[in-house]
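This briefing is for a reader meeting the structure for the first time. The topics follow in groups after the display.

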Amino acid sequence: MPKKGVQQMKHLLGIEELSKEDILYILNLATPMKDIILREVKKVPTLRGKIIATLFYEPSTRTKNSFELAAKLMSADLVSVGVSTSSVQKGESLKDTIYTLEAMGVDAIVIRHSRNGVPNYLSSFSHASIINAGDGQHEHPSQALLDLFTIQEHKGHIEGLKVLIVGDIMHSRVAKSNIYALNKLGAKVVVSGPPTLIPNEVREYAEICYSLDEAIKDVDVVNVLRLQLERQQTGLINSLQEYHRFYGLTSERVKHAKNDLLVLHPGPMNRGVEIDEDVAYSEKSAINEQVSNGVAVRMAIYYMLMGGKEQ
Amino acid sequence: MILKNGTVLMNGAFERFDIRIENGVISKGGHDLSPDEGETVIDCQDKIISPTFVDMHTHVRLGQEYKEDPQVTIRKAIKGGYCALNVMPNTKPALDCAPMVERMLKTEAPEGFHIFVTGAITNENGTLAETEDIASAGAVAISDDGHWTENSFLFYQALKYAKKHDLLVMDHAQDMNLFKSGKIYEGKASFETGLKGFPKAAEASAIYRDGTLNAQVGSRLHITHLSTLMGLETANALKQIGVHVTMDVTPHHLIFDESAYLSYDTNIKANPPFGDERDRKALVHALRSGEITNIATDHAPHSEPEKDQEWEDAPYGIASIDSAFEVLYQELVTTSLVPLETLLTAMSTNPAYLLGMRHGIGIGNEANLTIIKLNEPHAISYEGGAKNNPYVGKESSAVVTMVILKGNVAYEYGK
Ligand SMILES: [Zn+2]
């Protein structure tokens, strides 16, 4: 199948299906979008008359707010569908929900779901653009794009960098999307974490280094993943304390890294588990910038899928 | 009735001769049989005549007719070239007692169509079902299909009862603790789709437990829907030390590998999951070599709303009894991976043998025959009932043109 260029792209389902050019195109778009955020009057008319719906089947204030703010800054109308976790719907009603949104004239649907492949499933019948805001353990493309955008801002480029991702690679859609994107852009990826949380198949895309002390030494960027605390109950990690001792990003560990190490974390953080407070708030950390960059990148995504054609 | 000039599969090889059918039975075979006055003659020039197929692993939805009415399943089976089904016990209610076995055996079916019943090994209380009653009621096999019999002690006792009654023990070999931790096998696809993976050892370790238990009992242990190379090697190793183990494989495990999951198509969601290309090739090779003697469809119909939802919430199952032969011919025979004789034997007389059914082309046998035309390219069609058949629309160059059950034409292509 011939690959569609960004210009014809209708949905954003994952990084895996994007080309290097697609990714660079979005990153380049994000720069002028960030300028808008920094302006006195933070609003452009680009998406006036368009309707964007956010449909979150998993609680995530951060990502939801970011997508919604990005829509508002571009003058789109917003339908925010709150789905309480207690009433997570069965398939029929998910399909019905999409049909209802379509009937309301919605142009794009931002979907967060605990099930893998839900955005792919929706894209098989939806007339509106589907934007994946995180599905199960599959992908979280906007997070990877904002991470890359942040890295590019700090380092000037992505190609040739060595990026370490620490934590639960197996269950992390953030890790998955980042690994794909970094590979496509020519960065070298190293992953570190407990052996129970690093799938073998990652070898195709990254070097595995179980010892964080070793791995941290020569990397340019470290992206620390949030640990789902319930991994302890399922027997995948032995205790949070042990996890912190072996895989926590402490200031002691950072001392052995390069001077210009850049620290990222998708948030929200478990302080004292995967990352220490003094590292998170050090001058090496771009964790707060990731938040504003998130809005810029999501504006770029909207622009690419909905705004670009008529402009 | 005379079947004229057909290429007939007999004892695993093709031979050209005419077949006479009288009173529902094959009465004569020979060259240039001349018809009596008024005797029907069916021209089988350029056609293959095989013993009808026997499916040793079918989910008939008694009590869940919304998935597929049992009568529709039987009609689709006949269209697919089958004359017999072996019904798995997970009906509603389950086939875990003599009255349910009797009820299932009474299912209406055309003359010459055989319903075999597999009773449950354990019941809902987690104890052994009344295996001896089930056997006396007419079951030919026992199984906890859908699940593995987790309790080793109970499985050991079940093997002993099975031995006494010569029941086939059909083993859905899958370590449940490992299975519960995932949706598909660990591998490239689980990594790329995010669908949770569980290790393939789940199959091999279960086969090993059950095989070693059977080494002490000597019952007829049958591993159904084998899916991994490791499982195959384990079963072969058990055979080497003299354990009685037979195996079947499904059409989908011969056709798909894990890369199929990348589409999140719920119609190919089945359990056990697909292995990688190596696993698939090993299964094909084992079918060719005779290590695996049987093909079973694991026909598992589901309703459209059940399958039309998020992948992880959709039920496991593929319903392909109506097109199993056509798709396997295309995938395995036209590609020279498996000889046609081997495919037909694995679908007909081999499963019949395990179910204790007298079958095959021989004088005195019930005239159950499937007539096939090769070089008849067509798209596989939807035949009603459940829609979770991933092969609909695919090209096949072989077609079942006629099915004869007990001497009567039960199905004719295009009619
Ligand atoms: Zn099964």
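D279(B) has a relative accessibility of 6% and therefore counts as buried. The model in which this residue sits is predicted.

**Salt bridges**

- D279(B) pairs with K200(B) in a salt bridge, with N to O at 2.6 Å.
- K200(B) is in the loop between β12 (197-198) and α7 (201-215) of chain B, while D279(B) is in helix α10 (residues 277-289) of chain B, 79 residues apart.
- K200(B) also counts as buried, at 15% relative accessibility.
- E58(A), R112(A) and R173(A) form one network through salt bridges that share partners.
- K406(B) and E111(B) form another salt bridge, their closest N and O atoms being 3.4 Å apart.
- K406(B) lies in the loop between β19 (399-405) and β20 (408-412) of chain B and E111(B) in the loop between α2 (98-105) and β8 (114-120) of chain B, so this pair ties together parts 295 residues apart in sequence.
- K406(B) is partly exposed at 31% relative accessibility, and E111(B) is exposed at 53%.
- Over all chains, the count comes to 35 salt bridges.

**Zinc site**

- Three residues coordinate the zinc ion at 1.9 to 2.2 Å: D145(B) through OD, H172(B) through ND1 and H225(B) through NE2.
- Their spacing in sequence is D-x26-H-x52-H.
- H172(B), in the loop between β10 (168-171) and α5 (176-179) of chain B, and H225(B), in the loop between β13 (220-223) and α8 (229-240) of chain B, are 53 residues apart.
- Both H172(B) and H225(B) are buried.

**Nonpolar cores**

- The largest nonpolar core has 115 residues, and those with the most contacts inside it include F325(B), M347(B) and I372(B).
- Helix α12 (residues 324-333) of chain B gives the largest share of this core, seven residues.
- Among the residues that F325(B) touches are F53(B), G80(B) and V400(B).
- Another core, of 69 residues, lies apart from it and includes L27(A) and M33(A).

**Domains of chain A**

- Chain A is divided into domain 1 (6-137 + 291-309) and domain 2 (141-289).
- The centres of domain 1 of chain A and domain 2 of chain A are 25 Å apart, taken over C-alpha atoms.
- Their contact takes 31 residues from domain 1 and 27 residues from domain 2.
- The two domains bury about 2400 Å² between them, 61% of it on carbon and sulfur atoms.
- I15(A), L27(A) and Q137(A) supply 27% of the area that domain 1 buries against domain 2, more than any other three residues.
- Two salt bridges are found across this interface.

Conventions: Residues numbered from 1 in each chain as written. Chains lettered and ligands numbered in written order. Predicted model: local features only at pLDDT ≥ 70, side-chain atom pairs only at ≥ 80, totals over all residues. Heavy atoms only, no water. Donors = N, O, S within 2.8 Å, 3.2 Å for Na, K, Ca; no water. Helix = DSSP H or I, 4+ residues; strand = E, 2+ residues; numbered from the N terminus. Buried < 20%, exposed > 50% of the residue type's maximum accessible area, 1.4 Å probe, protein only. Core = buried A, V, L, I, M, F, W, Y, C linked by side-chain atoms within 4.5 Å. Contact = heavy atoms within 4.5 Å. Domains from an automatic or database assignment. Buried area = accessible area lost by both parts, 1.4 Å probe. Salt bridge = Lys/Arg side-chain N within 4 Å of Asp/Glu carboxyl O. Lists of a residue's contacts leave out its neighbours within four places in sequence.
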